[in-house]
Amino acid sequence: NALPLRMRQHDANGRTVAAWLARRPEIRQVYYPGLSTHPQHDLARRQMSGFGGMISFDLGDAALARRFVERTRIFALAESLGGVESLVGHPATMTHASVPPVMRQAMGLTDSLVRLSCGVEDVDDLLADLDQALSAKP
């Protein structure tokens, strides 16, 4: 069974990508329980053996978030997350598009929120992809 090996890679990539995103000035907030700044970090440490590859982050601008998800090359734009391959989504226009904006705001789901599912690819390739998507001019 390859699942334990796959989950270790998801976790390793998620930790690296989340820490990298947290250092980027373009990112307003990173949501990942593996970061010590996450409000549930201590609970996650007690309950989990790893933190996984699911990361959400807020770019602070809806247009910037939409451009970002359209510019990634390795992270494929998808509504379903959690596969072997790295995926990116924009909840406000994808998974939660039918939720009224007022309800999304109440849930903390801003129009500038992006979700990543870090796959098992080489982490340096993932970081390079995120960097080029963040750095691309409008």
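Okay, a definition to start: two strands count as paired if DSSP finds at least two bridges between them. The strands themselves are DSSP runs of E, at least two residues long, and helices are runs of H or I, at least four, with numbering from the N terminus.

What you have here is a predicted model, so local features need pLDDT of at least 70 and side-chain atom pairs count only at pLDDT 80 or more, while totals for chains, interfaces and linings use all residues. Residues are numbered from 1 along each chain as its sequence is written, and side-chain values use heavy atoms, without hydrogens and water.

So, the sheet. In what order do the five strands sit? It's E1-E2-E5-E4-E3, an open sheet with mixed pairing. E1 (29-31) and E3 (76-77) are at the edges with a single partner strand each, so one side of each has no neighbour in the sheet.

Now look at E2, residues 54-58. E2 pairs antiparallel with E1 over three bridges, and Val30 has Phe57 in E2 as its bridge partner. E2 also runs antiparallel to E5, joined by five bridges, and there Phe57 is partnered with Val114 in E5.

Is E2 mostly covered or open? Covered: four of its five residues are buried, meaning under 20% relative accessible area with a 1.4 Å probe, protein chains only.

Key. Buried means under 20% relative accessible area, exposed over 50%, partly exposed in between (1.4 Å probe, protein chains only).
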